[in-house]
Amino acid sequence: MLDIKNLNFYYGDNHILKNISFNAESGSLWGLMGPNGSGKTTFFKCILGLLKPASCHIKINNIDYKKLNTQKLARLISYVPQEHKPPFPFTVKEIVLMGRSPYMGGIFGLKKEDYIEAEKAIDMVDIADIADKPVTALSGGQRQLTLIARSIAQNAPIMILDEPTSALDFNNQITIWKILKKLAENGKLIIACSHDPNHLLWFAENTIVIKNGEVLSKGLTADILNDSLLKEIYGNEYKIIQHNNNKVIQPVL
Amino acid sequence: MIFNILADKRKIIIILLIIILCCAVIFAVISGNSELSPATVVNIILYKITGFSFDELSKRDIAIVWNMRMPRVIMAILAGIALSTAGALYQGCFRNPLVEPFILGASSGASFGAALAILFPALFLPVQISAFIFALLAVLSSYMLARQKGEINTVGLVLSGVIIGSIFSALVSIMKYLSEDTQLREITFWMMGGLYHAAWSDIYINAAVIFICFIISWIFAWKLNLLSIGDDDAKTLGINPDTYKTIFIITATLMTAVCVASVGIIAWVGLMMPHAARLITGPDNRYVIPIASLGGAVYLLICDTIARTLTSGEIPIGIITSIIGAPFLIWILRAKSGRLFN
């Protein structure tokens, strides 16, 4: 599905991403983790074509990435950026409807199907009650939910999310991860990064860890995520505790 | 139903504005020194369009309506459409609701071109053409200055617009300094804007350019929505932000330049009307563009009618648009800012 080989990215003289190779199949949920400034967002932006890597071979469904134009790429990969406030007060439903843009053609180009898909996405994330509100008047968390709904409406086989739950309350964090898991079970490839390793432990089947622009570890979350890896990532002691059928990461205080 | 496509209030507003515009046209044609009845005016307009008339029409009335007042009316409508649409396009491209059509130096460029033509009539092109060329030249310079490695930085573009604008303003000042009294007066009047030169021959060119540019803007209005959210968002939603920025800036600039060349600098309309439209419909440019255009047409038509009927002489329209426009913007800033921008 997604096949990345030897991705290198420089920002000026800084070697931000070093020889990253990564491949993932559809129907799986990948978590991306790493400390602040490790290159997670840069990695995402390279996959999305927002930044031009110095070298890389990216293939999506065995199609060379360079052969895809912006519109075709948008039909394959959707993106939930870090939450930001747009300068104009678009309503939630207008923002979600924008997710249908890659399929539009002709004058104005919105078809009935587009409205239906947007409505489904709004219901899935359960934001129908704020659908008519301008996004500028919402909380950061509500805007994040709106962007997730937009990405769902885009209906691309690959979905990339940059800290989708950073501004959400505890319950909404869990709800969103459950939705992501369901979307993966229905056949999408989902890559999401999170600063809470518990989320990955609970929901992401696979995990890739980046530190200083290099892949530190990747594979099944249950296999790779352990006390020593956490120590390697963050530099401090953490313990994974087994509680009933669940695992929880705790700082050693 | 979250989306109610058929019962969209915004379509009714557009129809309502078209009706208001028609009324404003008749009101504008009636107003003036020679008294004419609304029925005569409607008859003459219909006669000229269809070639068929119910009543006897005097040649004098036809000349007043069709040769004197109609060109001004149509020019006011065209200028209103051009400046409002250009304003909406620039505001969307720059992601800044306080941007106006002259942000990239079109007005200073045009002033310089006009001053050059007024000062050296023998050497140079006619005022209109010279103004048009220098308006385009100014915007092109701003654009080239801001373009680096094939990418257009929005902040850089605004900055280069300010730089180019101030260079041309300085050049205009030199011109004014060098000019004689009558020329100085002509330059000053030109810069305050006015529709008194409007003639049918200008209207054909203006109408063609503005109509085509308006249609292009309206067709791509959804893409402007995406662009106004952010470059990264636009790109991941399937449009190339730099391509569309270029299309929108060219369209907006052509409209502004052709309009400025014919009527001089008319401030406020391009800043105010997109705001007014957003207040009525929200920021979706598929509706902002037509509603702002119609609003701009009505507004300029009323301002121009005031400009030519309020006193025995002619008041430059730029003065009227500012005097009426400024209080409106103050009201927006103080009362509605929360709904319009952050």
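A: Start with one strand pair. Strand β3 (residues 29-33) of chain A and strand β8 (residues 189-193) of chain A run parallel, joined over four bridges. Pairing here requires that DSSP finds at least two bridges between two strands. Strands (E, at least two residues) and helices (H or I, at least four) are DSSP runs, numbered from the N terminus. Within this pair, W30(A) has I191(A) of β8(A) as its bridge partner.

The model is predicted; local features need pLDDT of at least 70, side-chain atom pairs count only at pLDDT 80 or more, and totals for chains, interfaces and linings use all residues. Residues are numbered from 1 along each chain as its sequence is written, while chains are lettered from A and ligands numbered from 1 in the order in which they are written.

Now the whole sheet. Six strands of chain A form an open sheet in the order β6-β7-β8-β3-β9-β10, with mixed pairing. β6 and β10 (214-220) of chain A are the edge strands; each has a single partner strand, so one side of each has no neighbour in the sheet. On average, neighbouring strands are turned by 15° against each other, direction ignored.

Next, the helices. Helix α5 (residues 140-154) of chain A packs on the sheet and touches β6 and β7 (158-162) of chain A. Its direction makes about 175° with that of β6(A). Helix α6 (residues 170-185) of chain A lies across β3, β7 and β8 of chain A, at about 155° to β8(A). Axes are lines fitted to C-alpha atoms, for helices over the stretch in contact (C-beta atoms, placed from the backbone, within 7 Å). Angles run from 0 to 180 degrees between N-to-C directions.

Key. Two residues are in contact if their C-beta atoms, placed from the backbone, lie within 7 Å.
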